[in-house]
There are 2 protein chains.
Amino acid sequence: MKKTNSTPTMKDVALEAGVALGTVSKVVNGLPVGEDYRIRVENAIKKLNYQVNSYAQGLKANKTRTIALLIPNTLEPFYASLTYHINLALLKRKYRMLLCSTDYDSNLEQEYITMAQQNKVDGIIGLTYNPNLVIEESTPFVAIDRSMGPKIPCVASDNFAGGQLAAEKLADLGCKNIAFLRTGSSLTNEPNKRKAGFENGCLSRGLQYEMKIIEDGEPFEEFETFLIEHLHDGKLSFDGIFCVTDGLAYSIVKTLQRLQQRVPEDIQVIGFDGTKYFGNKDYTCSTIVQPVPEIAELCVELLLQENPLSRPPLICLPVTYAYGGTTKEKH
Amino acid sequence: MKKTNSTPTMKDVALEAGVALGTVSKVVNGLPVGEDYRIRVENAIKKLNYQVNSYAQGLKANKTRTIALLIPNTLEPFYASLTYHINLALLKRKYRMLLCSTDYDSNLEQEYITMAQQNKVDGIIGLTYNPNLVIEESTPFVAIDRSMGPKIPCVASDNFAGGQLAAEKLADLGCKNIAFLRTGSSLTNEPNKRKAGFENGCLSRGLQYEMKIIEDGEPFEEFETFLIEHLHDGKLSFDGIFCVTDGLAYSIVKTLQRLQQRVPEDIQVIGFDGTKYFGNKDYTCSTIVQPVPEIAELCVELLLQENPLSRPPLICLPVTYAYGGTTKEKH
């Protein structure tokens, strides 16, 4: 490995360009200088690979070109994918990202927000579980999946349409009697609209349905009990299940196999998220795909734009259906 | 959502504590003041939830309490898990993390390192694919999985022992004739020791083995061709396969199923990494588990310690075997 003992300073740039230090400073800070000087400085910056010390610049211009991302973790594939795409969208624009894994801890979320603000980040993107976070008006904030008031834009998938699409898809694939299984917080958030969309889809197609909803912290076994209650002579009274996430669908498919039900021959299963094994292999199940790269891009766009008036309170991006082995493929 | 219009300043702390501004500054910067004053300032800081503006502090003390993590992406589970655990280990110590997804791009890696250094990060943790990176001596750097010279500590799993363990495990489980499949760069790096460890394990147990190695960019189908060449009357001449990663094992198991081979009845498969579906569910296959939380913790420890002499060039942490459905369970 090669090593150098120094990185170029503004002085080196001035020397290389043959101009005064003040001229370099003006170019770096976007102040007017003669065209010829500007070109010489820019060429020197390029040649030396000089990069502005943005901590110093941050103090001066109150800009750090740094954004904080609050996300529960990077272990769950949906969060991992969001983190990756937001990171890329920021880096494309020469912004840095502070990663703040919150582990669903509201106190930690608040701590990060306070920390981020006092370190003068230029903005925060947050997927949080705390509706009572204290956020300074002066710090741009874009929320994912949870509306945090009219002044804070929220970006999400069109979860209602996704729930409806799942019901319609199961109907198209021949299901007559379906179930909706959900885990998670019952607090108001965008993903909770999957339920209403699903009900709407069932009604519009005349499908019978049942729901089983368990709260965070309740044992997963309640789903197994629910399924067993609907087994008659070894046959399940459902022929389709919509699970609120791919992670749940994965566990339910395993449970169904334990109960000697064949997926998709006896019962078809659709999840939600669009998770792929190892990030880039097959879909983990047939699924409603969230447009993660588009969500990431839009969060960054909204956060960085100058005019707060063009930050609408809620933007829902379109979802799609993808076949992933747990439904009968339609040819 | 609640909003406030200001975060407390050093002035507010001075007012609250009933001391001069200079006293607050001394306490914040760790300079000596009278015990009574220190307690009053610390109580005021706590009460107001005041947080030091570390950009200003960074300029003064040349410390930013910020670390950059260079990692290919957060999509692949092993990287996602490393990112998560390094983030937690840093946050526990009140350090912030800049996430830099490099997408395996050497130019991007170098760009981030230069950027990070010029922004005065306190150190860099990097899992990189470029042995020629230019790193300033003055910036602490800890490498993962690739030795970058005697002055830069490298933290990795004990990959040699892991390869050996895989071979021995297959022998213990009754295999007589096994294969090793590998994709990836042939550049010198720690994970490449899996191959030598595997060979060692085979020799010590008197196992016959074959290897099939394809380079990055070569088509995966070459593995399928290799397997088909070893099919005789519908029966594979191997009874065990060690795959260099869980991701490869996943794909190979699917290929074996297409070739009508039963896993684990006809052929047992062991992967490497310890990947779990959805980050927290079942192991994706029987596997050699990398101790990711321990790797993360050690990287951060080594990076932050003051004495560079106590940074050994290479530390290999112990791996373990975990059953994940693709081997015959030993009771």
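**Notes on the two-chain model**

1. Starting with a loop: Pro264(A) sits between α10 and β11 (268–273) of chain A, with helices (H or I, at least four residues) and strands (E, at least two) taken as DSSP runs numbered from the N terminus. A cis peptide bond links Val263(A) to Pro264(A), with omega about 5 degrees. Chain B has a cis peptide bond between Val263(B) and Pro264(B), omega again about 5 degrees, and Pro264(B) falls in the loop between α10 (246–258) and β11 of chain B.

2. Some housekeeping. This is a predicted model, in which local features need pLDDT of at least 70 and side-chain atom pairs count only at pLDDT 80 or more, while totals for chains, interfaces and linings use all residues. Residues are numbered from 1 along each chain as its sequence is written, chains are lettered from A and ligands numbered from 1 in the order in which they are written, and side-chain values use heavy atoms, leaving out hydrogens and water.

3. Now the interface. Chain A puts 69 residues into the contact and chain B 68, where contact means heavy atoms within 4.5 Å. Of chain A's interface residues, 99% are interface residues in chain B too, so the copies meet through the same surface. About 6400 Å² is buried between the two chains, 58% of it on carbon and sulfur atoms; that is accessible area (1.4 Å probe) lost on putting the two parts together, summed over both.

4. How many salt bridges cross between chain A and chain B? The rule finds four, counting a side-chain nitrogen of Lys or Arg within 4 Å of a carboxyl oxygen of Asp or Glu. Lys94(A) and Glu111(B) meet in a salt bridge, at 2.9 Å from N to O. The elements giving two or more residues to chain A's side of the contact are α4 (54–61), α5 (77–92), β2 (96–101), α6 (106–118) and α10 (246–258) of chain A. The largest share, eight residues, comes from α5(A).

5. Over all chains, the salt-bridge count comes to 32. Have a look at Arg93(A) and Glu297(A), whose side chains meet at 2.6 Å, N to O. Arg93(A) is in the loop between α5 and β2 of chain A and Glu297(A) in helix α11 (residues 292–304) of chain A, so this pair ties together parts 204 residues apart in sequence.

6. In chain B, an open sheet of six strands runs β7-β6-β10-β11-β12-β14 with mixed pairing (strands pair if DSSP finds at least two bridges between them). β7 (208–214) and β14 (320–322) of chain B are at the edges with a single partner strand each, so one side of each has no neighbour in the sheet. The twist averages 25 degrees from one strand to the next.

7. Staying with that sheet, β6 (residues 177–183) and β10 (residues 240–243) of chain B pair in the parallel sense over four bridges. Phe180(B) has Phe242(B) in β10(B) as its bridge partner.

8. Asp145(A) is in the loop between β4 (141–144) and β5 (154–157) of chain A.

Methods: Axes fitted to C-alpha atoms, helices over the stretch in contact; angles between N-to-C directions.
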